[in-house]
Amino acid sequence: MIEVLRTGALNTIQDLGRHGCLGWGVGTAGAMDDVALAAGNALLGNALDAAALEVQVFPLRLRFLADSDFALTGADAQAQLDGLPLLPWATHSARAGQTLVLGLPQVDALHRSRAYLCLPGGVDVPRVLNSRSTQMRGAFGGLDGRALHAGDKLRPAQAACGATPLALLPPELAMPLRCEGSPAVRVLPAAEYARYTPASHDALWQGEWRITPQSDRYGYRLTGQALQPLAPLEMRSHGIVPGVIQVPPDGQPIVQMRDAQPTGGYPKIGAVIEADLWRLGQIPIGSCIRFIETRWDEALDAHAQVQDWLADVARQLQLQQGRRGCA
Amino acid sequence: MSGSATSRKVDLLAWMRALEASLRGTDIALLQVQLPGLHLHLQRDTVGETVAKALQPQATATTAVQAPPARSAPSQPEPYPVRAGSVGVLRLGHPLHAQPLVHTGQAVALGQALALLQIGAVMLPILAPCAGRVGRVLVQDGQLVGYGSVLLEIKTDRPQEAPDAD
């Protein structure tokens, strides 16, 4: 059991998302960096889709009310347990009474802004519509459908302590993706791509897009060269998914993120591939990103690459967990 | 001593020297041999020489077949070796950080992470087996190490007990 001593707004319980409900107008939610969340679960031997705490506002102070293992992935927030620095991307064991503090994410070459705290068996909150992710707009899922407050208590689904200490190489090292020095994501041209000027196409692929402060789990507002349609476009609202890049009338694109509305009426120039959403979910406000044009088969390959990495990591971790357990 | 005991001692010594010579070309760090009346413990010490201890419970000349320790005056405790528990690539620091986890002279607590052993995507933290001060760091970052390789030393305040003392 963990007690939240001090938290910023907007730290929520998430898992890998609520899938299959878009037809009812219920968005997917889920971790902005689903790979980090899954990897944190793998470190503890959890099911990869167990619920965890997504921390996007720092600092965070927690107190362990009982002995427990935990894992920290995502941004390296210079975590300390009773003042002792903790290795990032690793499992740790806490004793009852110890305080865990996540400070500010390190400014490093890996551009990360969100951290994940995983507990043995996952955070124990009820499943709603097949998921434990927090649906903020609908105020359900996660911890009572809201962000964490001071005084909240998080319970692990399993009581486990004294696990094998293990650490992981972050996925960015195994699967780097940069374009001319900036972090990059792969984008599929979307349905209205052809309705934009050639200059807009060039700007999309060659331009640097900065993430403005008006960016959060709902969507990232980007700024760069204005994108212009060949002729004014008006569309009825239609279904959209996380990753879709919409172009409002001012020409500054919006990338829909995990808490996106399930429908939108703006034209879509592209869609960030599912396999790269975790990269986008970690880019801090103020950073620049590049879009890399890709094809459907390349997007499928990228998806397979991420799944293979997770499966491989889970297998290697199980080997170490089992081995140490017998020693 | 009778002639047979002396010659047995000489044979034993020659045999140990031959064994040590044959180990020198390998990367075997520890060899233990158990025979009736004899328990031999050959350990490669930190500068590559072997330290041999043969314990014969019934012989009175035990000290004659012991090779002296390579360094350190008898009154100082031996530094405690920290060994790799597996084959892997040794990381002195976390790949995301510029600095190594510990440096020579640093005080460390029991269980503190000293280095990381990388096996594929997984890294095993190597934890301090005792509290003390980091002595010599004997491997380089990125070096492939074997099971039992001595990675670094911890200096404690208490003298170490001989592993096979009877």
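Let's start with one spot in a sheet: A:Gln80 stands opposite A:Val101 in β9(A). That facing pair belongs to strand β6 (residues 80-81) and strand β9 (residues 99-102) of chain A, which pair in the antiparallel sense over two bridges. Strands count as paired here if DSSP finds at least two bridges between them, and the elements themselves are DSSP runs numbered from the N terminus: helices are H or I with at least four residues, strands E with at least two.

Before going on, some ground rules: this is a predicted model, where local features need pLDDT of at least 70 and side-chain atom pairs count only at pLDDT 80 or more, while totals for chains, interfaces and linings use all residues. Residues are numbered from 1 along each chain as its sequence is written, chains are lettered from A and ligands numbered from 1 in the order in which they are written, and side-chain values use heavy atoms, with hydrogens and water left out.

Back to the sheet. It is open, has six strands and runs β7-β6-β9-β4-β1-β11 in chain A, with antiparallel pairing. At its edges sit β7 (84-85) and β11 (153-154) of chain A, each pairing on one side only.

Most residues other than glycine have a negative phi, and most peptide bonds are trans. At 59% relative accessibility, A:Asn130 counts as exposed. Then there's the peptide bond from A:Phe58 to A:Pro59, which is cis, with omega near 0 degrees. A:Pro59 lies in the loop between β3 (52-55) and β4 (60-64) of chain A.

Now hop over to A:Lys268, in strand β21 (residues 268-272) of chain A. This lysine counts as buried because its relative accessibility is 12%. Its side chain makes a polar contact of 2.9 Å with that of A:His238. (A polar contact is a pair of N or O atoms within 3.5 Å; within protein, one must be able to donate a hydrogen and the other to accept it, and residues adjacent in sequence count only if both atoms are side-chain atoms.) Leaving out residues up to four places away in sequence, A:Lys268 touches a set of residues including A:Met235, A:Ile240, A:Gln246 and A:Tyr193, where contact means heavy atoms within 4.5 Å.

Over all chains, a search of the whole structure finds three aromatic pairs. One of them, A:Tyr193 with A:Trp205, is tilted, at 6.1 Å centre to centre and 40 degrees between the planes. (Rings of Phe, Tyr and Trp, the last by its six-membered ring, pair if their centres lie within 6.5 Å; planes under 30 degrees apart are stacked, over 60 edge-to-face and the rest tilted.) Both A:Tyr193 and A:Trp205 are buried.

Stepping back, chain A has five helices and 22 strands. Buried residues make up 57% of its 327 residues. Its C-alpha atoms fill a box of roughly 65 × 35 × 30 Å, taken along the principal axes.

Note on methods: Buried means under 20% relative accessible area, exposed over 50%, partly exposed in between (1.4 Å probe, protein chains only).
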